[in-house]
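Thank you all for coming; I would like to take a few minutes to walk through one structure with you. Please have the sequence and the model open while I talk.

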Amino acid sequence: MASKFLKSNRTGWLMAGPAAALIGCFVILPFVFAIILSFTNQRLVSPNAAEFTGLANYRQLLGMATLTLDPVKDEAGVVKLAADGTPEYPAVRSFTRNNPDHPDLAGMREWFSFDHGDSRTFILARDVVFMQALLNTFIFVLVVAPLQGGLALGLALLINQRLRGINLFRAIYFMPVVVSIVVVSLLWRFIYDGQSGLLNNLLGAISFGAMPKVDWLGNPNTALGAIILMSVWQAVGFHMVIWLSGLQTISPTLYEAGAIEGASKWQTFRYITWPGLRNTAVLVLIVITMQAFALFAQIDVMTGGGPLDSTQTIVFQAVERGYGKQDISGGSTISVILFVIVLSISMIQRWLTRERT
Amino acid sequence: MKHFTLAAGALLASVAFTTVAQAQTTLSMWYHGAGNEGEAKVLNQIITDFNASQADWKVELQSFPQAAYNDSVTAGALAGNLPDILDVDGPIMPNWAWAGYMQPLQIDEAKIAGFLPGPKGYWGGKLYSIGLWDAAVALVTRQSILDELKLRTPTLDQPWTGEEFMAALDAAKASGKYEFPLDLGMAWTGEWYPYAFSPLLQSFGGDIVDRTTYKTAEGTLNGEAAVKFGDWWQGLFKNGYAQATQDPADRDGGFAAGKYAFSWNGNWAALGALAAFDDTVFLPAPDFGAGAKIGAASWQFGISAKSAHPDGASKFIEFALQDKYLADFANTTGLIPATKTAAAMTENYKDGGPLAVFYGMTEANALVRPVSPGYVVQAKVFEKALADIANGAAVADTLDAAVDEINADIEKNGGYGH
């Protein structure tokens, strides 16, 4: 006997059916697959059957260790100095490769190191590239979320006026959103070009040639920043529209009341506009965060993760491994890790921005 | 109802018609060259000729854009939907053969005796794929540059040594006329790196993977010779001989614009270089100690494992191996025909032809990329290692990391069937 819930909702189920089936097919099923595959050694192209490997993929990605070394001393016990005058330390690779005394460090690489007292501690990772990808993605999210959200709000306030031709400005700000991200990335590759790029020419012109040419995407110090800037510019229009829709739901009577009470511009914003945008703000913040974690196309088109891993990101690594290196299980593992990260951050954001009663 | 009978009648009639008119079995074929009109014309001509030449088989072609081709084959294989005949990039073939996508060709080996080694795709001792053409890389420069810098013209018998090559770059740098002495094509990321640069490593005495066993890269990719290569490679960029990041436009037009004295480039770009300067010359690869080496193997034809008609598919491939078709392809694409007799039939590769020198280079110096299913991964690892070293990463550590990644991958795949 069909339950009342199913029966009386027949029309509802019929209407939700197509969407639910599609979501199940293309979102939920692949996701369940990814979780299962991350515990196997499944390959994209292989005659070998997949085997269950437990947490091996996770260990390989997240494995870390520390190694504290004393500087090299000569026979007299004096610390040897390297060419740049700093104390010389034994090569980390002599501990991580073919060293029977340190089997647990085999295959690890130095991620970074710091000095304390007379010795230096090396942080080793089993997968330095993935660690770098994690770090870069977090930097990207931390910079992009406030910058893009704030800029979008500023633009929304600017275009939320009754001016002649305001639609023109709205269209201009929104245009980059409509253009494919791949096309935008290609264009910005030309803008950032180290030799004859538009940005270098522009900076050269306004500084009367004093500004040296910078290879924006070819320099590990500027590559991630260049991609952040371009990404903010590209998607800011989308969030501007969301802010704008929030602004237009605020009742004009509130502003009229504020004006009668003699509220200043700042007071109007602080006590009328901002509280009215609460829900919009939560939405914008969460959407930007999730989109920023999914950073891929810009990297794929503009840098391919280089130079020197300065623009590796989590999703780029997932694709690179899953398809480029035919390691579907490795790619799936990265996806699952990303899912856990995004889910926890979204829940924290939800909790921080909850309605306080 | 009346409608239905009409349609059914038409269907019946058409079936009857096709069976009567042509008792040919259809062979499906996939090709990577969608959008390339010249290639399509030659291939369609071969198919038309083949279909008309006999009564048993009929080949039907489906073309894919190159960028989507490999993914299409992988997807097709997973779905059990591969065609009878497919084409495959030479170094990828062992991966597909090992994965069970392809089966050996049924072709009389005598028919390919005169072929260059690169176009012949062997895996496990069996011929899986055969190409109608090959590609080669040369050091492109101008006779006037050689004269002005007072450099000896290297030959296949006496290529430049590593020292002579560096002396040539020094001379070009000292002349102050060029943005960079050498254009390596760093803008062409992807397969260009292993194709064009791993022969340089091999010329130093290293390799991407140990070819005696194909089970490890230890000692070949991080041994003494490889580290020497890595130091040299890093020096090219650190000392201003070449640029680590290159504008793609400079790769395409930089040599013609006089930005570079030497350009490491393939024969497909050779006609353009000749058009830019009358005195363009193509020099053989330098010898860094272990012999001059260049890459080999381009796109080749093979048969899918699931094909029910490998005999017919083999017949078609054998039919396509005629000299006239090899010459047609070479004339259209500028690539090197796979046989000497076909080369003699082409404008560019006949004796004294403007590109004939490339035939000699591929004959003398060609070395295929590692013949292993693991090459797909090894190529990616190698590319990243070279890009990182070019950008200043520590040479020995980077090569060690590459070796670790390659070895872990080989182990994860149960030795890739070697």
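Predicted model: local features only at pLDDT ≥ 70, side-chain atom pairs only at ≥ 80, totals over all residues.

Staying with chain B, let me turn to a sheet. Four strands of chain B form an open sheet in the order 9-10-8-11, with mixed pairing. Its edge strands are strand 9 (180–183) and strand 11 (280–283) of chain B, each of which pairs on one side only, and from one strand to the next the twist averages 20°. As a reminder, strands of a sheet pair through backbone hydrogen bonds, either parallel or antiparallel.

In this sheet, strand 9 of chain B runs parallel to strand 10 (residues 260–266) of chain B, and three bridges join the two; in strand 10 of chain B, Tyr260(B) is the residue that stands opposite Phe180(B). Strand 8 (residues 137–142) of chain B, by contrast, runs antiparallel to strand 10 of chain B, with four bridges between them, and here Leu139(B) stands opposite Trp264(B). Is strand 10 of chain B buried or exposed? Seven of its seven residues are buried, so strand 10 of chain B is largely enclosed by the rest of the structure.

Ala308(B) lies in the loop between strand 13 (299–304) and helix 11 (310–320) of chain B, and, because Ala308(B) has 10 C-beta neighbours inside 10 Å, it counts as exposed. Ala308(B) and Leu27(B) are 281 residues apart in sequence, yet their C-alpha atoms are 9.3 Å apart in space.

Now to chain A, which has 15 helices and three strands. Why do I call chain A more spread out than a compact globule? Its radius of gyration is 27 Å, well over the 21 Å that the globule rule gives for 357 residues, so chain A is more spread out than such a globule. Along its principal axes, the C-alpha trace of chain A spans about 85 × 80 × 45 Å, and 31% of the 357 residues of chain A count as buried. Among contacts in chain A between residues at least 6 apart in sequence, 61% join residues at least 24 apart.

The domain assignment of chain A gives domain 1 (64–125) and domain 2 (129–352), with 40 Å between their centres, taken over C-alpha atoms. Chain A also holds an open sheet of three strands, in the order 1-3-2 and with antiparallel pairing. Strand 1 (64–69) and strand 2 (109–116) of chain A stand at the edges, each with a single partner strand, so one side of each is left without a neighbour in the sheet; the twist here averages 20° from one strand to the next. Strand 1 of chain A pairs with strand 3 (residues 119–125) of chain A in the antiparallel sense over six bridges, and the bridge partner of Thr68(A) in strand 3 of chain A is Thr121(A).

Finally, I come to where the two chains meet. Here 25 residues of chain A are in contact with 25 residues of chain B, and the side of chain A that touches chain B has seven nonpolar, 11 polar and seven charged residues.

Note on methods
Residues numbered from 1 in each chain as written. Chains lettered and ligands numbered in written order. Contact = placed C-beta atoms within 7 Å. Nonpolar A, V, L, I, M, F, W, Y, C, P; charged D, E, K, R; others polar. Pairing = 2+ DSSP bridges. Axes fitted to C-alpha atoms, helices over the stretch in contact; angles between N-to-C directions. Domains from an automatic or database assignment. Rg over C-alpha atoms; globule rule 2.2 N^0.38 Å. Buried ≥ 20, exposed ≤ 12 C-beta atoms within 10 Å, placed from the backbone.
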